[in-house]
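Morning, everyone. Please bring up the structure on your screens. I will walk you through a few parts of it.

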Amino acid sequence: VNRETSEASPSLEQDVRLSAPSLALFSAWFALLAASLELLARGLQRYAFGDVMRLSRDVIWMAPLGQLMIFGPLAMVLLLVFAIRRTTVPMRLAITVFVFTTFFGVFITPKIVHPLAAALLAAGIAIRAARIAVQHDARVRTMVRRTVPLLVTVLAVAAAVVAGSRYIGKRRALAALPPAAEAAPNVILLIWDTVRAQSLGLYGYDRNTTPNLERIARQGVVFEQAISPTSWTLPSHASMFTGYLPHQLSAGWTTPLDDHRTTLAEVFRDAGYVTGGFSANVLYAEWEHGLSRGFSHYEDYPIKPGQLFLSTSIGNRIVKGRHGWEYGIIPYIIGYRQFMGRRVGASIDAEFLEWLDDRDGRPFFAFLNYFDAHLPYMPPAPFDTLFEPARPRTTVLQRTRDVIAGRKFWGSLSKTDLAAELAAYEGSIAYLDYRLGILFEELERRGALDNTVIILTSDHGEEFLEHGDHEHGGNLYLTQTHVPLVVLYPGRVPAGRRVREAVSLRDVAATIAELSGVRGGNVLPGRSLSRTWNGTGVEANDGEAVLSELVPGLSPDRRLRSMIVGRQHFIRNIDGRMELYDYVADPAEMRDLVELDVSADSLHRWGSAMNELFNCKEPDCCCRLPGALALP
Ligand SMILES: [Zn+2]
């Protein structure tokens with residue numbers, strides 16, 4: 001007997017059933033409930049414990065839609081299963097499933113709760129709640145019918161408040177801009193995230209990865225030995241944005257950049273520029289990690305179905321695993337390799353150009369982060385097969401075996417697979433280069449190249465097991481820190497110049513400030529790279545060291561440090577062990593000179609020089625070496 005509305009007595013509980021429309025309404029109600037509870041949990045985590053959410057600023061309306069992507073299919077499955085049996089869905093079963101899903105999502109929102117514990121707890125609540133709901137079935141139905149519009153309204157108002165306050169804030173910020181200097185140049189900072197110098201044709205690599213960059217770079221200065229102050233995204237961007245070194249900044253794996261240091265975008269804003277950031281790196285270069293400060297316009301998370309799904313705790317955990325960036329087991333096994341919701345270069349360019357066309361004649365400072373060369377390496381055709389045939393397909397069975405054996409991705413790669421990954425990575429770089437060619441055409445067509453400073457660089461390199469590590473953020477060998485750097489400013493920066501000596505990306509801030517004539521000198525430490533192209537360039541780095549540092553794990557007292565002086569690259573490991581490479585003679589850094597012929601006394605002196613430089617907290621004391629330090 002199918003009963004839609006009557007009150008159930010315990011003996012008839014199994015007969016209380018939901019018609020298809022009722023089931024749809026219930027699933028929507030639970031989707032809204034789940035979204036609200038997860039948002040509360042996330043808000044609590046963020047505002048009470050300072051945890052980042054790793055979610056869009058629009059999560060308030062994206063999360064309910066994302067939940068519908070979970071609860072909708074659940075309702076469909078229930079409906080289908082019972083349609084086959086020519087009956088409707090028992091209310092008790094439907095409520096059990098929905099309550100379980102809701103609370104499981106809420107409980108796994110804090111990363112510390114194990115999914116199994118969350119599942120047990122959610123199951124307990126679901127079974128009890130379903131029993132009670134069925135006993136009061138008429139009242140529950142009325143409550144659901146009445147509160148769906150209420151929940152929709154509350155979420156819609158909250159979303160409108162968030163979007164509205166952002167819009168008003170932006171209008172106010174633009175209205176408050178002081179007048180800009182006459183003929184102030186525009187500035188475009190292009191970051192090819194995760195692009196190592198050694199994979200670029202620009203630096204002599206034998207694959208033709210960068211034909212457009214090579215042509216464009218002839219109009220300016222190419223730095224052959226540009227070194228990132230670290231080997232991962234956040235502190236590297238933070239250093240380029242502020243001129244400070246990583247140890248002078250708050251930016252860490254779990255700490256955003258705080259507002260103690262002035263950023264480039266703030267300096268430009270105060271100089272009357274409109275400022276726009278367009279970042280495809282939503283792991284660390286999004287609104288929550290402090291890099292958007294000073295930008296009146298900042299785009300990061302895309303509005304795409306994948307991003308809606310990621311706005312739910314269950315979707316996020318399935319796709320990204322526990323910490324929010326590794327690969328979940330399910331996508332790995334089913335062979336879904338894409339970075340869900342990834343913004344490709346074409347989309348970054350389109351948003352930037354749209355913003356540019358909207359501008360009211362003021363000079364602009366634009367920051368563009370391209371994420372295409374980041375793992376997973378998934379260049380679009382024809383770049384996916386530019387350097388190697390398509391990667392061989394693995395089967396579900398193989399991948400399941402990998403997971404059971406505890407190997408995921410890197411651990412399961414053969415030598416051929418590794419070569420294929422490298423080829424896909426370099427195909428991604430070729431795609432970035434292809435986009436660069438198009439972007440320059442577009443800028444030229446708009447006359448936006450005439451009075452514009454353009455800097456192209458990367459935040460760090462990428463490793464393919466050359467030093468036993470993969471990706472980046474694991475060590476300070478040049479594979480992970482040596483990046484492209486090109487500076488263009490026709491008329492002011494000489495064309496066709498190549499600078500051989502090592503320079504640090506921390507000087508990008510001072511360089512941009514000097515070239516554009518904004519008053520960054522007091523607040524953006526470092527030295528303008530113009531010293532390398534003005535004058536002879538030979539003594540530009542005389543007595544100065546290029547420093548990089550890394551906290552490889554999550555414990556801040558374990559630091560890896562690196563110092564480049566002349567052609568020597570010193571690395572001090574976490575355990576204090578020193579390594580030394582001559583990167584000119586040995587660019588791959590395979591011959592550790594410490595093991596060959598370095599005295600204990602020299603080692604000690606370099607070690608104390610590094611201590612001195614890295615212990616410095618003042619903005620400008622870095623990076624002059626103590627005069628007495630004789631180099632090997
Ligand atoms: Zn990065």
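Start at Tyr 244: the charged end of Arg 261 sits over its ring, 3.9 Å from the centre. For a charge to sit over a ring, NZ of Lys or CZ of Arg must be within 6 Å of the ring centre and within 35 degrees of the ring normal. Arg 85 lies over the face of Phe 82 too, at 5.0 Å from the ring centre.

A word on the source. This is a predicted model, where local features need pLDDT of at least 70 and side-chain atom pairs count only at pLDDT 80 or more, while totals for chains, interfaces and linings use all residues. Residues are numbered from 1 along each chain as its sequence is written, and side-chain values use heavy atoms, leaving out hydrogens and water.

Next, ring against ring. How many aromatic pairs does a search of the whole structure find? It finds 32. Rings of Phe, Tyr and Trp (its six-membered ring) pair if their centres lie within 6.5 Å; planes under 30 degrees apart are stacked, over 60 edge-to-face, the rest tilted. Trp 232 and Tyr 284 are edge-to-face, 4.9 Å centre to centre, with 70° between the planes. This pair links distant parts of the chain, 52 residues apart.

Now helix α10, residues 313-320. Helices (H or I, at least four residues) and strands (E, at least two) are DSSP runs, numbered from the N terminus. Is α10 largely enclosed or open? Seven of its eight residues are buried, so α10 is largely enclosed by the rest of the structure. Among the buried ones are Ile 314, Arg 317 and Lys 320. What covers them includes α1, α2 and α3. Just after α10, Gly 321 takes a positive phi of about 75°.

Last, a sheet. It is open, with four strands in the order β13-β14-β15-β16 and antiparallel pairing. Two strands pair if DSSP finds at least two bridges between them. β13 and β16 stand at the edges with a single partner strand each, so one side of each has no neighbour in the sheet. β13 and β14 pair over five bridges. Leu 547 stands opposite Met 563 in β14.

That is the tour. Questions, please.

Methods
Buried means under 20% relative accessible area, exposed over 50%, partly exposed in between (1.4 Å probe, protein chains only). Contact means heavy atoms within 4.5 Å.
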